[in-house]
Amino acid sequence: MRTSALEKLPVVTMGGEDIAQIKDVVYSAGGGQVGGFTLAGRGIFAGPLKTALAWSSVSSLGSDAVMITTESVLEATDAVLDRSAASGGSGGNVLGSQVLTDGGSDLGKVIDVIIEVSQGGAGQCDVVGYEIEASEALGSNGTNVLIPLPDTIAVSGEHLIVPASAKDFVGHDLAGFGAAVEQFRAQLEADR
């Protein structure tokens, strides 16, 4: 799932109350996992809320809504941001960041983040890839491609570093991308 698909997704309680919408995704664990979401109110003129939703409080993530038990699971936005930053997250925005291989080749710029929820709808939410606008190094300059990520990644405010072999597992759509991620990670594990 692309994180851009999460923007403005409603947050709904199991009692059926539509209490907020997703504003931004908060990354943690060095950018390898989703730590939570900042929220905005519902409606045309609603602005950002002072509460946020930690990933651990999500009951399930579907294509049409984020489900939670009750509104009481929402926390102060600073608490969710601080906890995510404490786990190694940068708290920064990766969109527009340059993707470099560990060999120094520019693969392109990030235009979206690909996530995968394990263990059903509310398991761990991992960042498994980036959608990038490819550079000449990928032989498809200017096109959008998906590049898999290892289990742990290096993220700074400007550059995202991936193993050079990631370019051998580039995909063009989400169908089959999960298999490419598994093959890429299996190869990295075998090379250790």
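This is a predicted model: local features need pLDDT of at least 70, side-chain atom pairs count only at pLDDT 80 or more; totals for chains, interfaces and linings use all residues.
**Group meeting talk: burial, a helix and salt bridges**

Ser 140 sits in the loop between E10 and E11, and with a relative accessible area of 18% it is buried.

Residues are numbered from 1 along each chain as its sequence is written, and side-chain values use heavy atoms, with hydrogens and water left out.

Now the chain as a whole. It holds two helices and 13 strands, which are DSSP runs numbered from the N terminus, a helix being H or I with at least four residues and a strand being E with at least two. Of its 192 residues, 45% count as buried, and among the contacts between residues at least 6 apart in sequence, 50% join residues that are at least 24 apart.

Let us look at helix H2, which runs over residues 177–191. How far apart are its end C-alpha atoms? They are 21 Å apart, and this agrees with the 21 Å that 15 residues should span at 1.5 Å a residue, because the expected span is 1.5 Å times one less than the number of residues.

Which residues of H2 are buried? They are Phe 177, Ala 180, Val 181, Phe 184, Arg 185 and Leu 188. These residues cover an arc of only 125° around the axis, so they lie on the same side of H2; the arc is taken from the directions that lead from the helix axis to the C-beta atoms.

From the helix I turn to charged side chains. Side chains of opposite charge can pair when their charged atoms come close. The structure holds four salt bridges, each being a side-chain nitrogen of Lys or Arg within 4 Å of a carboxyl oxygen of Asp or Glu.

One of them joins Arg 2 and Glu 131, with the closest N and O atoms 2.8 Å apart. This pair links distant parts of the chain, since Arg 2 is in the segment before strand E1 (10–13) and Glu 131 is in strand E10, 129 residues apart. Are the two partners buried or partly exposed? Arg 2, at 24% relative accessibility, counts as partly exposed, whereas Glu 131, at 11%, is buried.

A further salt bridge is formed by Asp 18 and Arg 42, whose closest N and O atoms are 3.0 Å apart. Here too distant parts of the chain are linked, with Asp 18 in strand E2 (residues 18–28) and Arg 42, 24 residues apart from it, in the loop between strand E3 (33–40) and strand E4 (48–54). Asp 18 is partly exposed at 40% relative accessibility, and Arg 42 is partly exposed at 37%.

The side chains of Arg 83 and Glu 75 also meet in a salt bridge, at 2.9 Å from N to O. Arg 83 has 43% relative accessibility, so it counts as partly exposed, and Glu 75, at 22%, is likewise partly exposed.

I will finish with Thr 13, which belongs to strand E1. With a relative accessibility of 3%, Thr 13 counts as buried. Which residues is Thr 13 in contact with, leaving aside its neighbours within four places in sequence? They are Ile 19, Met 67, Ile 68, Thr 69, Thr 70 and Glu 71.

How values were computed: Buried means under 20% relative accessible area, exposed over 50%, partly exposed in between (1.4 Å probe, protein chains only). Contact means heavy atoms within 4.5 Å.
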